[in-house]
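Thanks for asking me to take a look at this one. Here are my notes, in the order I would read them with the model open on screen.

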Amino acid sequence: GRAMPLILARPRSQDLFHEAIQSVARTGVIAADYETTGLNPLKDRVTGVALATDEKSWWIPVDGASWVTGLRVLFQSAPQVVWWKSWFDLAWHPNLGLPIYDTHHDARIMWKMLEPFKWLGYLAGLKARGEHELGIPPMYFDGWDGVDDKYPRQDAEWTLKLYHLAKKMLI
């Protein structure tokens, strides 16, 4: 007979959060970036979170109430959480039932400190700053199909890399 194609089930969000928690325990820092249906935290919703440590990155789409529990445990266990424009991502926390944790850093603000006269210009955005500093062409949301996880993971990976670079330069 013919061989049946192997269909692998997508890992549950709790398994992915567990993997991320173990990785952040080893590395001490994790970058996070929400994907949302719009820009208004009062009426739009979070569709998932991209996470990155120095070891690996993940895209974890929302898959039920346990998803928020996974985020809560992750953020409570992480010594440092890094965001790009934390004021935007953290604005979603009240709707998710999450507090604003005080262990976060904002990589964009660090770059503003390094280059105070360029922060409103072209290099203020994650894509432009990442391409400029890392030399890697960015992926854009308008080309994202919502399934392939490379686009959201790149944002978290770049946030972490730009955080490390800015921290080194600030020190």
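1. Overall layout. Please keep in mind that this is a predicted model. The chain contains seven helices and five strands.

2. Burial and surface. The chain has 171 residues, and 43% of them count as buried. Its accessible surface is about 9,600 Å², with 59% of that area belonging to carbon and sulfur atoms.

3. Contacts along the sequence. If you take the contacts between residues at least 6 apart in sequence, 62% of them join residues at least 24 apart.

4. The pair of helix 1 and helix 2. Two packed helices are described by the angle between their axes and the distance between the axes. Here, helix 1 covers residues 13-27 and helix 2 covers residues 66-77; their axes come within 9 Å and cross at roughly 5 degrees. Helix 1 is therefore roughly parallel to helix 2, because angles under 35 degrees count as roughly parallel.

5. Who makes that contact? On the helix 1 side, the residues are Ser-13, Gln-14, Phe-17, Ala-20, Ile-21 and Val-24. Helix 2 contributes Ser-66, Trp-67, Gly-70, Leu-71, Val-73, Leu-74 and Ser-77. By type, the contact of helix 1 with helix 2 has eight nonpolar residues, five polar and no charged.

6. Lys-85, worth a look at the backbone. Most residues other than glycine have a negative phi. Lys-85, though not a glycine, has a positive phi, near 65 degrees. Lys-85 lies in the loop between strand 4 (80-83) and helix 3 (86-89). Is Lys-85 buried, partly exposed or exposed? Its relative accessibility is 33%, so Lys-85 counts as partly exposed: buried would need under 20%, and exposed over 50%.

7. Ile-136 sits in the loop that runs between helix 6 (126-134) and helix 7 (150-170). Which residues does Ile-136 touch, leaving aside its neighbours within four places in sequence? They are Glu-131, Gln-154 and Trp-158. Ile-136 and Trp-158 are 22 residues apart in sequence, and their C-alpha atoms are 9.7 Å apart in space. With a relative accessible area of 34%, Ile-136 is partly exposed.

Note on methods
Residues are numbered from 1 along each chain as its sequence is written. This is a predicted model: local features need pLDDT of at least 70, side-chain atom pairs count only at pLDDT 80 or more; totals for chains, interfaces and linings use all residues. Side-chain values use heavy atoms; hydrogens and water are left out. Helices (H or I, at least four residues) and strands (E, at least two) are DSSP runs, numbered from the N terminus. Buried means under 20% relative accessible area, exposed over 50%, partly exposed in between (1.4 Å probe, protein chains only). Contact means heavy atoms within 4.5 Å. Accessible areas come from the Shrake-Rupley method with a 1.4 Å probe; for residues, only the protein chains shown count as cover. Axes are lines fitted to C-alpha atoms, for helices over the stretch in contact, and angles run from 0 to 180 degrees between N-to-C directions. Angles under 35 degrees count as roughly parallel, over 145 as roughly antiparallel, 65 to 115 as roughly perpendicular and the rest as oblique. Ala, Val, Leu, Ile, Met, Phe, Trp, Tyr, Cys and Pro count as nonpolar, Asp, Glu, Lys and Arg as charged, and the others, Gly among them, as polar.
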